[in-house]
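This report describes a structure for a reader who is new to the subject. Please keep the sequence and the 3D view at hand while reading.

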Amino acid sequence: MLPFLGGDFGNPSSLHRYGTGPRQAVDAARAQVAALVNARPDDIVFTASASESNNLAIKGLALSRGAKGRHIVASAVEHVSVLESLKSLCPLGYEFSLVPVDPEGRVEPDKLAAAMKTDTVLVSVMHANYEVGTVQNIKELAALARRYRVPFHSDGTAAVGRISVDIADLGVDAYTFPAMSVYGPKGAAALYLKQGTRIQSLIEGGFQERNRRAGTEDVAAIAGFGAAAAVTKTKLPEWSAAMTRLAQRIFTELPKKLDHIVFTGPVPAGRVQPPFSSTESGGSPSRAGRVQPPFSSTESGGSPSRVPGQVSVVVEFVEGEAMLLFLDDEGIAAASGSSCSAKTLKASHVLLAMDLPHTKAQSSLVLTMGKDTTDADVSLFLEKLPPIAARLREISPLYAKFKKGEDPYAVKPGETYEEHGEHG
Amino acid sequence: MYSEKVMEHFRSPRNVGEIDNADGVGEVGNPVCGDMMTFWVKIENGILADVKFKTFGCGAAIAVSSMVSEMAKGRTVEEAMKISNADVAKELGGLPPNKLHCSNLGADALHRAIENYLVKKRKAEKKDCHCPYCDTPIEASEICAPCKAQGRN
């Protein structure tokens with residue numbers, strides 16, 4: 001990366017000698033990035049972020065097919081960059097349908113088929129979910145879209161760098177993944193576009209990226225993306241195995257150290273998901289007591305049901321952000337789907353789509369292991385979370401009510417629990 | 001994201017707990033918002049002799065509850081009723097803009113606990129019946145129907 005931030009500063013589009021080095025670097029990176037996902041280099045479009053790739057895929061593919069139809073199908077658990085892109089098309093006469101997911105976050109092919117209309121021009125279903133780790137059977141879903149002759153886009157941000165991705169095998173027409181998924185620099189991402197796929201460019205101007213994305217390339221970031229992709233390609237099996245094992249430790253050991261927790265998303269083989277300690281209207285009884293399907297075994301599509309190294313858990317009666325702050329004090333970096341921890345002040349739409357009630361989504365904790373996460377890190381987390389949860393439960397009015405045998409979530413007369421708008 | 005003072009109250013909140021035989025109990029918030037606060041008050045000779053709380057919520061919500069309890073303790077009922085959510089945020093050295101609404105409900109919870117005490121007191125004194133929230137004359141009921149419909153008790 002460094003040469004392109006220093007002496008090798010030329011514009012890759014320039015024909016003179018200063019453009020040559022940067023141009024070769026971009027081409028080499030394109031080959032490395034393509035090789036990681038078994039794609040043709042020419043089918044890789046470099047963008048600045050996965051959000052941009054998703055915007056380009058949704059808007060670009062839909063706009064170029066506007067004469068044929070204006071209906072789009074996506075899953076209810078997509079990243080906001082997909083959901084907001086869909087909304088942005090509505091004033092142009094487009095409509096979209098969101099396919100519901102099962103309680104583990106999976107899109108069922110039947111549900112996808114039911115959402116298809118005669119004027120559907122695009123289907124978008126993410127490969128893996130960034131919050132609950134669910135891996136979709138993209139091969140089957142893409143085949144379904146192909147039967148309708150509709151292009152299929154998949155957001156692979158949470159899949160690439162964790163599971164082996166073979167785009168040719170998946171059979172998708174467009175696929176998003178950022179450099180960050182493979183420990184590359186921020187500021188570079190890719191959109192795979194199958195050869196011959198029509199797309200309208202969103203950034204007009206120059207002829208970079210074969211007319212699909214104008215603008216001078218961020219050569220340093222792209223070079224870093226290429227190098228990171230090459231390393232990932234050789235190391236991925238080793239990393240995946242290590243991350244799977246570490247996550248498995250949390251799945252196995254945390255329930256022994258902390259009560260009233262419920263894992264969300266697909267969880268390990270044979271484990272019976274305990275019901276929530278308390279129920280409320282709006283929660284589905286179907287969640288409770290179900291036997292989890294195998295976690296690491298392969299399914300019909302040949303992919304695991306959950307990405308390695310990803311744990312999502314509800315710690316009942318405790319709010320997510322408060323846990324994050326105390327974990328941070330211990331040097332543990334985690335995330336949450338609670339509304340307090342989100343800038344939008346809205347609880348995670350992913351958890352709500354999985355039929356989790358608001359009260360439980362507020363208590364979510366998301367842990368992501370990386371290639372450098374160690375057993376000592378996991379042990380530290382397993383040691384620190386139970387006292388943090390105990391401390392917060394001690395001051396939680398919900399836990400106090402639960403202990404007294406009352407319903408912590410009883411709605412008082414005259415009050416309704418409505419989602420408030422955005423603030424500030 | 002948070003000021004040092006907020007983090008300090010979050011890490012070591014004051015007056016956590018419940019008061020047995022409290023003179024007043026007040027509750028605000030809802031799980032959709034993500035913050036719920038319950039306050040208990042003990043009142044002696046018109047002064048808040050003890051204030052305790054329990055809070056389910058983010059760092060700001062916990063710090064706000066703690067600060068309100070400190071600000072109210074030892075004050076008269078009238079003084080405590082004048083503590084506003086804005087005063088609490090100010091005392092904490094400010095709160096992030098997006099936390100000013102839903103996490104900053106501590107004063108409201110305190111006021112509900114005090115109102116709850118006032119209702120009980122009026123009932124005990126068997127004075128002319130007036131709704132404690134809006135002074136509407138009423139007969140047997142503790143509070144007037146419109147206030148009851150708003151969930152007050």
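## Two helices of chain B in contact

In chain B, residues B:Lys5, B:Val6, B:His9 and B:Phe10 of helix H1(B) meet B:Gly59, B:Ala60, B:Ile62, B:Ala63, B:Ser66, B:Met67 and B:Glu70 of helix H2(B). Contact means heavy atoms within 4.5 Å, and helices (H or I, at least four residues) and strands (E, at least two) are DSSP runs, numbered from the N terminus. By class, the contact of H1(B) with H2(B) comprises 6 nonpolar, 3 polar and 2 charged residues. Here Ala, Val, Leu, Ile, Met, Phe, Trp, Tyr, Cys and Pro count as nonpolar, Asp, Glu, Lys and Arg as charged, and the others, Gly among them, as polar.

Two packed helices are described by the angle between their axes and the distance between the axes. The axes of H1 (residues 4-11) of chain B and H2 (residues 59-72) of chain B come within 8 Å and cross at roughly 85 degrees. That makes H1(B) roughly perpendicular to H2(B). Axes are lines fitted to C-alpha atoms, for helices over the stretch in contact, and angles run from 0 to 180 degrees between N-to-C directions. Angles under 35 degrees count as roughly parallel, over 145 as roughly antiparallel, 65 to 115 as roughly perpendicular and the rest as oblique.

## Basis and confidence of the model

This is a predicted model, in which local features need pLDDT of at least 70 and side-chain atom pairs count only at pLDDT 80 or more, while totals for chains, interfaces and linings use all residues. Residues are numbered from 1 along each chain as its sequence is written, chains are lettered from A and ligands numbered from 1 in the order in which they are written, and side-chain values use heavy atoms, with hydrogens and water left out.

The model scores ipTM 0.80 and pTM 0.86. The predictor's confidence in each residue is pLDDT, from 0 to 100. Chain A has a mean pLDDT of 89, and 88% of its residues reach 70 or more. Over residues 280-303 of chain A, however, the pLDDT is below 50, although this stretch has 62 contacts in the model beyond near neighbours in sequence. Residues 417-424 of chain A also have pLDDT below 50, with 20 contacts beyond near neighbours in sequence. Where pLDDT is low, the predicted coordinates should not be read in detail. For chain B the mean pLDDT is 87, and 86% of its residues reach 70 or more. Within chain B, confidence is highest in strand S3 (residues 47-56), at a mean of 96, and lowest in helix H6 (residues 145-149), at 71.

Chain A contains 12 helices and 10 strands. Of its 424 residues, 55% count as buried; buried means under 20% relative accessible area, exposed over 50%, partly exposed in between (1.4 Å probe, protein chains only). Among contacts in chain A with a separation of 6 or more, 71% are between residues 24 or more positions apart.

Chain B contains 6 helices and 3 strands, and its elements run α-β-β-β-α-α-α-α-α from the N terminus on. Of the 153 residues of chain B, 53% count as buried. Residues 24 or more positions apart account for 55% of the contacts in chain B with a separation of 6 or more.

## Selected sites

In helix H3 (residues 80-89) of chain A, the residues A:Ser81, A:Val82, A:Leu83, A:Ser85, A:Leu86 and A:Leu89 are buried. The buried residues of H3(A) pack against several elements of chain A, including helix H2 (50-63) and strand S2 (71-75). A:Ser53 lies in helix H2 of chain A and counts as buried at 0% relative accessibility. Not counting residues up to four places away in sequence, A:Ser53 touches A:Thr47, A:Thr176, A:Ala189, A:Ala190 and A:Leu191.

Is A:Val172 buried or exposed? A:Val172 is buried, with a relative accessible area of 1%. A:Val172 is placed in the loop between helix H6 (167-170) and strand S6 (174-178) of chain A. By contrast, A:Phe207 is exposed, with a relative accessible area of 68%. A:Phe207 is found in the loop between strand S7 (189-193) and helix H7 (219-257) of chain A.
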